[in-house]
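Me: Please take a close look at one part of this structure, the charged side-chain pairs. Go on from there to whatever they lead to in the rest of the chain.

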Amino acid sequence: MDDQADVVVVGLGPGGEYAAGALAEAGMDVVGIEAGLVGGECPYWGCVPSKMMIRAGNVLAEAGRVPALAGEGKAVPDWSRVAERVRSEATAGWNDEAAADRLTAKGVRLVRERGRLAGPRRVTAGDRTFEARRGVLLATGSQPRVPPVPGLEGTPYWTNREAIEAAEMPASMLVLGGGAIGVELAQVYARFGCAVTVLEGGERLLSREEPEAGELAARALRADGATVRTGARTVAFAHDGTMFEALLEGGLEPVRAERLLVATGRGTDLAALDVGTAGLDPAAHAVPTDGQMRAADGLWAVGDVTGRGAFTHVSMYQAQIAVRDILRRPGRDADYRALPRVTFTDPEIGAVGITERQARDRGMRVRTGLAPIPESTRGRIHGPGNDGFVKLVEDADRGVLVGATSAGPAGGEVLYGLNVAVHTETPTDLLKHMIFTYPTFHRAVEAALHDLH
């Protein structure tokens, strides 16, 4: 029957798209339900286009370093080239026809509606209700979380979507929020000549990372001409049809700009998914799952909706586990001890595992090691643009790393080795006796290991 299937996948972002395709290729009858674009946030408004923009900004920054290293050089920013590349190469004009065709070619029945649960193994999409013989996979992602600041509702503020889609560079912009999305886009826009002001209510940027990472991000933004204001709580907004004005707590001078980017995190609305019909709490912030991504009998969940991190690599990792379990194949439980993430600023800030503060809060006896990149041989060779560090967090009782940060010109790439070390719980004494390639950025890991105290 058309309204029956082996598996119904609700949400076709990276994890849902992968799972639907893999299950169909394994011979299952799969219905994939998606109200937006097949592929989700990442290829159209997240990972792919944002990194194209970041790459363009980095090229401009490197051109500015030519006089100190190689002679004379000048680059004139042209946002239209960036916007065209995002439109044509990354998003095909925000058209998902190719992605949808790939999915249906695998045998997935694509339903372009908003799906919601209608009971155990049941999903409603539009005027149809689908029954899933094996079960339902939730992969509905997350949406920008917009704070209830007075005066904000009804104004033409931006989220990451509008910032990615922008065909023209505004003269000025306020960025509300100093997390990864906020600092990445703030740096891009600043490098293309926009007068950017970042307003972060907390005491530092990148509050979920090590304090040194937030300090590094602030230095980088200021070096690119952006204004960074931490401890700046916005109590109200006003918009006069042309400019935004942010009123700050404590009677501080208001801040004005042509555009406002709201980058205060992402969240899920479980009530809108009617998760209560499957026995879940609609008021919860995320869907709890076991190690095989099971949320209830006949119900699996992957990606942002699980609350394990709004990262494509987490969604894909979880989707692989869920597919195995749905196909009743044995496999390891999900393991988040070595969850990696990268903030793609210049310098890049990569991190894995837990921070020093988190380790101490868990009652661990902690040792840390820190090695500044500019003091390393490769840092001195690199010259301008070499700011960064490697920081290690060790569980001293077990002698293994539980967290690490690699920040620098290749911070995200250096992270790989640290990711392996945290994941495998390689003893730090063994790591100290590795041969570290000279002269590389990752050689700073060796210096950080010998700094553990």
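Reply: The side chains of Asp-361 and Arg-357 meet in a salt bridge with an N to O distance of 3.3 Å, where a salt bridge is a side-chain nitrogen of Lys or Arg within 4 Å of a carboxyl oxygen of Asp or Glu. This is a predicted model, in which local features need pLDDT of at least 70 and side-chain atom pairs count only at pLDDT 80 or more, while totals for chains, interfaces and linings use all residues. Residues are numbered from 1 along each chain as its sequence is written, and side-chain values use heavy atoms, with hydrogens and water left out.

Asp-361 and Arg-357 both belong to helix H11 (residues 356-361) and, being four residues apart, are separated by about one helical turn. Helices (H or I, at least four residues) and strands (E, at least two) are DSSP runs numbered from the N terminus. Both Asp-361 and Arg-357 are exposed; buried means under 20% relative accessible area, exposed over 50%, and partly exposed in between, with a 1.4 Å probe and protein chains only. Elsewhere, salt bridges with shared partners link Glu-62, Arg-65, Arg-191, Asp-224 and Asp-346 into one network. In total, the structure holds 35 salt bridges.

Arg-81 pairs with Asp-78, the closest N and O atoms being 3.4 Å apart. Arg-81 is exposed because its relative accessibility is 65%, whereas Asp-78, at 32%, counts as partly exposed. Arg-116 forms a salt bridge with Asp-274, with 3.3 Å between the closest N and O atoms. Arg-116 lies in strand S4 (residues 115-117) and Asp-274 in the loop between strand S15 (266-267) and strand S16 (294-296), so this pair ties together parts that are 158 residues apart in sequence. Arg-116 is partly exposed at 35% relative accessibility, and Asp-274 is also partly exposed, at 29%.

The network leads on to the domains. The domain assignment gives domain 1 (3-142 + 268-327), domain 2 (145-264) and domain 3 (340-451); such bounds come from an automatic or database domain assignment. The C-alpha centres of domain 1 and domain 3 are 31 Å apart. Nine residues from domain 1 and seven residues from domain 3 make up the contact, contact meaning heavy atoms within 4.5 Å. Between them, domain 1 and domain 3 bury about 710 Å², of which 63% is on carbon and sulfur atoms. Buried area is the accessible area (1.4 Å probe) that two parts lose on being put together, summed over both.

The rule finds one salt bridge across this interface of domain 1 and domain 3. Among the salt bridges of the structure is that of Arg-65 with Asp-346, whose closest N and O atoms are 3.2 Å apart. The interface of domain 1 and domain 3 also has two residue pairs in polar contact, both at pLDDT 80 or more. A polar contact is a pair of N or O atoms within 3.5 Å; within protein, one must be able to donate a hydrogen and the other to accept it, and residues adjacent in sequence count only if both atoms are side-chain atoms.

On the side of domain 1 that touches domain 3, helix H3 (47-64) and helix H4 (66-69) each supply at least two residues. H3 gives the largest share of that side, four residues. The residues on this side of domain 1 divide into five nonpolar, two polar and two charged. Here Ala, Val, Leu, Ile, Met, Phe, Trp, Tyr, Cys and Pro count as nonpolar, Asp, Glu, Lys and Arg as charged, and the others, Gly among them, as polar.

Asp-346 also has a backbone feature to note: the peptide bond from Asp-346 to Pro-347 is cis, with omega near 5°. Pro-347 sits in the loop between strand S18 (340-343) and strand S19 (348-353). The peptide bond from Tyr-438 to Pro-439 is cis as well, with omega near -10°, and Pro-439 is in the loop between helix H14 (428-431) and helix H15 (444-450).

One more charged residue has a backbone feature. Arg-328 is not a glycine, but its phi is positive, near 60°. Arg-328 is placed in the loop between helix H10 (312-326) and S18, and it counts as exposed because its relative accessibility is 64%.
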